[in-house]
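Trainee: I'd like a close look at one part of this structure, please. Pick a stretch of strands and the loops that go with them, and take me through it slowly.

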Amino acid sequence: MVSFEPSEDQQLVRDPVASFAREQIRPAARAADESGEVPDALVQQAWELGLVQGAVPEACGGHGDARSAVTSALVCEELAWGDLSIALHVLAPRLATHPIIELGSAAQQQQVLPAYTGARFVAAAAALTEPSFNFDLNECATTAARRNGSIVLNGAKCYVPLAAEAQHTLVYAHGEQGLGAFIVPRDTPGLAVVGREQNMGLKGLATYELQLNDCAVPAENALQGDLRPVLNRMRIASASLAVGVARAASEYAREYAKERKAFGVFIAQKQAIAFMLAEMAIEIDAARLLTWEAAWKLDRGEDATREACLAKRYAATTALKVADNAVQVLGGHGYIRDHLVELFLRNARAFGVLDGLAIA
């Protein structure tokens with residue numbers, strides 16, 4: 001019999017995250033958007049949930065918990081329901097740790113992972129997207145060339161979260177054998193953080209452009225193996241986050257419609273509004289099920305590239321559509337900053353243009 005209910009273990013992981021998103025993240029969402037900063041105390045509270053260090057092997061100081069893409073999808077949805085910028089900030093270290101857990105050698109794991117198992121939050125990042133209108137990861141312009149026993153990286157990256165404070169950045173570049181990922185420690189010569197980007201949405205998340213000018217790292221810093229599962233985990237995380245934003249916008253609009261009266265009746269009783277809310281709920285459930293299917297296949301060790309790509313695309317479209325509909329449900333109130341739906345809409349627009357900001 002097919003079951004769509006989380007297991008008991010998954011529920012034990014999701015419940016505290018959902019409570020944290022409801023009680024701590026959502027109340028801080030507007031202030032983070034206005035100030036462009038996520039409070040350190042809030043980041044530290046999220047760190048203590050073990051979302052990063054939990055998957056780190058015990059030999060490297062972590063908890064050694066089994067990794068599950070389905071469980072990560074549940075967590076990402078709840079965090080993004082609270083606020084997307086804050087969710088991406090607290091999950092950013094996983095962009096470096098999770099690929100190293102999956103593909104890193106024992107030496108790489110011992111070199112990098114212990115830094116992310118302490119009592120305090122430590123930032124890490126991944127540099128994936130490039131400042132090009134026709135960016136294609138499979139044909140990225142950033143290059144990795146072998147020279148005198150080192151890997152020399154050259155190119156430019158953008159939308160790199162927490163780059164200014166990241167202890168390690170995982171740089172994706174085109175090398176001799178195609179796309180590769182390379183561990184670049186902080187303050188490596190040739191690695192330059194150009195400046196913080198000014199984005200339409202995700203204003204609470206600090207993203208940066210990077211310049212790599214003959215940035216040399218030891219050849220041993222290259223991850224070995226097939227990157228497809230790593231990239232699929234990124235797609236699943238993006239889809240899950242999009243579902244979370246869509247759900248937040250839908251629930252906000254639904255509650256508003258149940259309380260707002262026009263011409264003597266609640267607007268939720270108006271057929272046009274009721275049908276719009278129903279369609280929003282259908283699209284969210286569809287996007288979530290696509291995402292869970294991709295995560296399930298990944299957990300089974302199967303190639304989930306097709307499913308992950310479909311889920312990411314559909315969830316991105318759904319988030320934008322649902323957030324826009326939520327603004328329409330609120331009418332004029334949807335356009336003012338007194339209500340969060342305009343923030344949801346600006347954040348939802350990011351899913352169509354940004355890659356590599358989270359990993360499941």
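Mentor: Before we start, a word on the labels: helices (H or I, at least four residues) and strands (E, at least two) are DSSP runs, and they are numbered from the N terminus. Keep in mind, too, that this is a predicted model.

Let's begin with a loop. Find strand E5, residues 178-185, and then look for E6: the loop between the two is where Asp 187 sits. Take a moment over the backbone there. Asp 187 has a phi near 65°, which is a positive value, and this residue is something other than glycine. Is Asp 187 buried or exposed? Its relative accessibility is 67%, and exposed means over 50%, so Asp 187 counts as exposed.

Follow the chain on into strand E6, residues 191-196. This strand is joined to E7 by 5 bridges, and the two run antiparallel.

What lies between E6 and E7? Another loop, and Leu 202 is found in it. Leu 202 is not a glycine, yet its phi is positive, at about 50°. When it comes to accessibility, though, the two residues part ways. Leu 202 comes out at 3%, and buried means under 20%, so Leu 202 counts as buried, whereas Asp 187 counts as exposed.

Now for strand E7 itself, which covers residues 207-218. Besides its bridges to E6, E7 pairs with strand E3, residues 150-161. That pairing is in the antiparallel sense as well, and it extends over 9 bridges. For a pair to look up here, take Ala 156, whose bridge partner in E7 is Gln 211.

One general point is handy as you trace along the strands: in a regular strand, side chains alternate between the two faces of the sheet.

E7 has antiparallel bridges to E6 and pairs in the antiparallel sense with E3. The loop between E5 and E6 holds Asp 187, and the loop between E6 and E7 holds Leu 202. Asp 187 has a positive phi, and Leu 202 has a positive phi too.

Terms used
Residues are numbered from 1 along each chain as its sequence is written. This is a predicted model: local features need pLDDT of at least 70, side-chain atom pairs count only at pLDDT 80 or more; totals for chains, interfaces and linings use all residues. Side-chain values use heavy atoms; hydrogens and water are left out. Two strands pair if DSSP finds at least two bridges between them. Buried means under 20% relative accessible area, exposed over 50%, partly exposed in between (1.4 Å probe, protein chains only).
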